[in-house]
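Me: I would like to go through this model step by step, with each answer ending on the value or name I ask for.

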Amino acid sequence: MKKIVKTLSLIAISTLLLSGCADKVQRIDMNNDTGDQVAGLDYRDFNQAATEATQSMLRSPAITKQGGGRYILAISDIKNDTMQHIDTDQLVKKIRIELLNSGKVFVTTAVGGAEDKMNKQARELRDNDEFKQNTTIKKGMLQAPDLSLSGKILQRNINMGDGKQQIEYYFMLTLTDLVNGFATWEGETVIGKRASNKSVSW
Amino acid sequence: MKIFGIILAISLLMGGCADKSFVKVVDNEMSDVIEVTDVKKRIRDDGFLEVQILGKNTTDEYALFRYRITWQDKDGFDIPSITSKWQNFPAHKNAEFHINAIAPTMQVTDYKVYLNK
């Protein structure tokens, strides 16, 4: 009997220990992540693309307003042309933060891809008797954009044979001067990965 | 004359202390592979600080390293930037490399560059 109890106890302890290991979750140290690469796009790829784009934009005269002041930047279409379900805001948000903090641009949320519907809803409160009319927004206060940021993230998968594939990601961005329609800045970051065909990149 | 010399030396020392910028190799193994040969900085026409670090890979092997830059304002406070995260840079064998970076805001007066493997 003693032997059975001992064996059962050992099995119970082993099960508990094993289940403990299986459920262990590790948090990524995003400040110093030396973990293995993944076939899909991860935050490190977005960081790289956003850093290269913002450094290039800050170096370019395209976002420096002559005579001082800030340009108004609208976010246009940033297409996800990859096989992955990604939100292009993973790229755009980083660029917006860096550009806004630079003091060179304001990003408008009145029009474009970064639109905040509250801009319109707040204006619909005019003529609404429930609201003090002197607290509603006057007409003609919104500012039209000077610049527009557009682009796409493109993916190409190339079969290399031997069960391997090459995955190429292209981050392509264009800054357009809305006065004349000229593309005043363009940037491209290419990230390449090689992995087994079994690796999923979507 | 001697007094002038002493005053000049003190002024230079004090001036040197005022600049808190530096480039630091944080991994000893890296010191055997690359050396930093020059650091240039300038204030651009738009008032932004620009830094260029010039170095050399002294070995017969290509190497990929990482760097990050922290930026400080005149009071020594850190100014957050996407460039403060580790980024890769290539050092081709027996060749020079340079890292160019532009400060995230006009308020930046100093920088700290860390090179890592």
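Me: How many Å does helix 2 of chain A reach from its first C-alpha to its last?
Reply: This is a predicted model, so the span is read from predicted coordinates. Helix 2 of chain A has 17 residues, and at 1.5 Å a residue the expected span is 24 Å. The reach from the first C-alpha of helix 2 of chain A to the last is close to that expectation, at 24 Å.

Me: Which elements do the buried residues of helix 2 of chain A pack against?
Reply: The buried residues of this helix include A:D45, A:F46, A:T51 and A:Q55, where buried means that 20 or more other C-beta atoms lie within 10 Å of the residue's own. In chain B, the buried residues of helix 2 of chain A pack against strand 6 (87-91) and strand 7 (96-102). In chain A, they pack against helix 3, strand 4 (164-177) and strand 5 (182-196).

Me: At roughly what angle do the axes of helix 2 of chain A and helix 3 of chain A cross?
Reply: The two axes come within 9 Å, and helix 2 of chain A passes helix 3 of chain A in a right-handed crossing. The contact includes A:F46, A:A50 and A:M57 of helix 2 and A:L91, A:I95 and A:L99 of helix 3, and its residues divide into nine nonpolar, four polar and two charged. The axes cross at roughly 35°.

Me: Which element gives the most to the side of chain A that touches chain B?
Reply: Between the chains, 15 residues of chain A are in contact with 13 residues of chain B. The elements giving two or more residues to this side of chain A are helix 2 (43-59) and helix 3 (89-102). The residues of this side divide into two nonpolar, 10 polar and three charged. With eight residues, the element that gives the most is helix 2 of chain A.

Me: Which residue in the hairpin of strand 4 and strand 5 of chain A takes a positive phi?
Reply: Strand 4 and strand 5 of chain A run antiparallel and are joined by 14 bridges, one of which pairs A:Y169 with A:I191. The hairpin has four residues between the strands. The residue with a positive phi, near 80°, is A:G181.

Me: What pattern does chain A follow along the sequence?
Reply: The secondary structure of chain A comes to four helices and five strands, and 22% of its 202 residues count as buried. Read along the sequence, the pattern is α-α-β-α-β-α-β-β-β.

Technical notes: Residues numbered from 1 in each chain as written. Chains lettered and ligands numbered in written order. Predicted model: local features only at pLDDT ≥ 70, side-chain atom pairs only at ≥ 80, totals over all residues. Contact = placed C-beta atoms within 7 Å. Nonpolar A, V, L, I, M, F, W, Y, C, P; charged D, E, K, R; others polar. Axes fitted to C-alpha atoms, helices over the stretch in contact; angles between N-to-C directions. Left-handed = near helix turned anticlockwise from the far one by under 90°. Expected span 1.5 Å × (residues − 1). Buried ≥ 20, exposed ≤ 12 C-beta atoms within 10 Å, placed from the backbone. Pairing = 2+ DSSP bridges.
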